[in-house]
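Here's a quick tour of how some charged side chains pair up. Have a look at the structure first, then read on.

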Amino acid sequence: VVPHSPDGGDRMQLPLTLANLITIGRIMMIPLFVMAVMQVREGETFFRAAAFGIFVVMVIGDGADGFVARRFHRRTVLGAFLDPLGDKLMMFSAYVFLAAMAWPEPRMPRWVSTVVISRDLLIAIGFLTLFVVTGQFRMISPSGVGKLCTVVQALTILLVLTAPWVMEGLGERTERGILTGLCLLTVFLTLFSGVDYLYAARRLLEKEHVALAVEDRPSEE
């Protein structure tokens, strides 16, 4: 959980920082990514390359903002909110529009998009529940499986974006086999990480209930 430290070099701060600016920048690139994806047609290369390039920049930005915040001890409440929001919006836009009928084959399988989006909605509801119960904005730090899930989800998107180039000449059956295998791994990690987030949220709620019970206990005179 991201703490609200009262003092210290790693305290949560409100003003805009370099890390926040990077996060805001990659969020602003999401509409550009969507517009490029919507222009891709069978055999078209320019907009496909543009969509690929924009997505890669957003992924690099995702790693850069976290590194900068940790390296210079400039973690902020705004960054703690915007960073996961940017991640979810990036993944949401990719998994929705790469599964649309307008996107040429191979498309993102819709069952994969459904699982990824459903998990993110579940996590968002969990964060809202934590806010309602605790009265404070709290974020659950991603676990190892959560980080691995994000990497595999991004690799699946990159494969769909670059399929005509990286799988050229492999044959339709082989292409579908590779994509299906990666999609199955994505779904497994997505579900597993979703359960992991739920358990982490449950532990936090239990701690909050214990803390409230201690505070409400009448003091002995």
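Predicted model: local features only at pLDDT ≥ 70, side-chain atom pairs only at ≥ 80, totals over all residues.

Residues are numbered from 1 along each chain as its sequence is written, and side-chain values use heavy atoms, leaving out hydrogens and water.

So who does D83 pair with? Its side chain meets that of R26 in a salt bridge (2.5 Å, N to O), meaning a side-chain nitrogen of Lys or Arg within 4 Å of a carboxyl oxygen of Asp or Glu. R26 sits in helix α1 (residues 18–28) and D83 in helix α4 (residues 77–97), so their pairing ties together parts 57 residues apart in sequence. Helices here are DSSP runs (H or I) of at least four residues, numbered from the N terminus.

## R26 again

R26 is buried, at 3% relative accessibility. D87 joins R26 in a salt bridge too, at 3.1 Å, N to O. Because D87 lies in helix α4 and R26 in helix α1, that pair links parts 61 residues apart in sequence. With a relative accessible area of 17%, D87 is buried.

Through shared partners, salt bridges join R26, D62, D83 and D87 into one network.

## Elsewhere

The structure holds 7 salt bridges. One of them pairs R107 with E105, with the closest N and O atoms 2.8 Å apart. E105 is partly exposed, at 40% relative accessibility.

Definitions and conventions: Helix = DSSP H or I, 4+ residues; strand = E, 2+ residues; numbered from the N terminus. Buried < 20%, exposed > 50% of the residue type's maximum accessible area, 1.4 Å probe, protein only.
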